[in-house]
Amino acid sequence: MFLEKNINLFLVNGILFNHESSKKGKKFLTSTIINTAKEIKKGLKKKLVLQTPYPIRDFAHAEDTINAIYKIMMLKKPQDFVISGGNIYSVRELAETIFKKFNINKNKIFYKTTSKFSDIKIGNTTKLKKLTKWKPKYTKDKFINKIINEE
């Protein structure tokens, strides 16, 4: 077997948390909430039904994620990073926030289960911010407006 000894590779590892864009499928959580809100406003649906209100996720916009990847690739030394947007919502908070933007009463949101199990996935971007000076462009209200406008 031939083995090259002088390969100069720049290898990094990135753990990417939920990143949203107009390219995502219609079955993703944010798409489901936004599209159902639009259908409720049009009178096509009466309610939104989700699995459970408790999981907590850290969302980013894909534009911010790609910007972080670019900054990582511009570093002199390859390293491993976590990329997340810091937009932390439970399923309930996300649905209620989006419904509020559409002026729809949160009482139109229903859950199949009320199990209190809270699955939490939040990223720590301290290292990324320190070494690359990266900062997400789309946070909280800007993030919600961006994903609604892209849907």
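Me: Quick one to start: what share of the 151 residues of the protein counts as buried?
Reply: Of those 151 residues, 37% count as buried. Keep in mind that this is a predicted model.

Me: OK. How many helices and strands does the protein have?
Reply: There are 5 helices and 8 strands. In sequence order the pattern reads β-β-α-β-β-α-β-β-α-β-β-α-α.

Me: And is the protein a compact globule or more spread out?
Reply: More spread out: its radius of gyration is 19 Å, well over the 15 Å that the globule rule gives for 151 residues. Along the principal axes, the C-alpha trace spans about 65 × 30 × 30 Å.

Me: How much of the contacts with a separation of 6 or more comes from residues 24 or more positions apart?
Reply: Those pairs account for 85% of such contacts.

Me: Switching to the surface. What's the accessible area, and how much of it belongs to carbon and sulfur atoms?
Reply: The accessible surface comes to about 9900 Å², and 55% of that belongs to carbon and sulfur.

Me: What about charges, how many positive and negative side chains are there?
Reply: The protein has 32 positive and 13 negative ones. The centres of the two sets lie 3 Å apart.

Me: Which strand runs antiparallel to β4?
Reply: That's β6, joined to β4 by 4 bridges. Asp58 stands opposite Ile88 of β6 there.

Me: And which strands run parallel to β4?
Reply: Strand β2, residues 19–20, is joined to β4 by 2 bridges and runs parallel. His19 has Ala60 in β4 as its bridge partner. Strand β8, residues 120–121, also has 2 bridges to β4 and runs parallel. In that pairing, Ile56 is partnered with Ile120.

Me: What does Ser90 touch?
Reply: Leaving out residues up to four places away in sequence, Ser90 touches Pro53, Tyr54, Pro55 and Ile56. Ile56 is also the residue whose bridge partner in β8 is Ile120.

Me: Now β1. Which way does β1 run relative to β5?
Reply: Strand β1 (residues 13–16) and β5 run parallel, with 4 bridges joining them. Gly14 has Phe81 of β5 as its bridge partner.

Me: Which residues of β5 are on the covered face, and which on the uncovered one?
Reply: In β5, residues 80–83, Phe81 and Ile83 make up the covered face, while Asp80 and Val82 make up the uncovered one. As a general point, side chains in a regular strand alternate between the two faces of the sheet.

Me: How accessible is Leu16, and how far is Leu16 from Ile147?
Reply: Leu16 is partly exposed, with a relative accessible area of 36%. The C-alpha atoms of Leu16 and Ile147 are separated by 18 Å, and the two residues are 131 residues apart along the chain.

Conventions. Residues numbered from 1 in each chain as written. Predicted model: local features only at pLDDT ≥ 70, side-chain atom pairs only at ≥ 80, totals over all residues. Heavy atoms only, no water. Rg over C-alpha atoms; globule rule 2.2 N^0.38 Å. Buried < 20%, exposed > 50% of the residue type's maximum accessible area, 1.4 Å probe, protein only. Contact = heavy atoms within 4.5 Å. Areas by Shrake-Rupley, 256 points an atom, 1.4 Å probe, with all protein chains shown as cover. Lys, Arg positive; Asp, Glu negative; His and termini not counted. Charge placed at Lys NZ, Arg CZ, Asp CG, Glu CD. Pairing = 2+ DSSP bridges.
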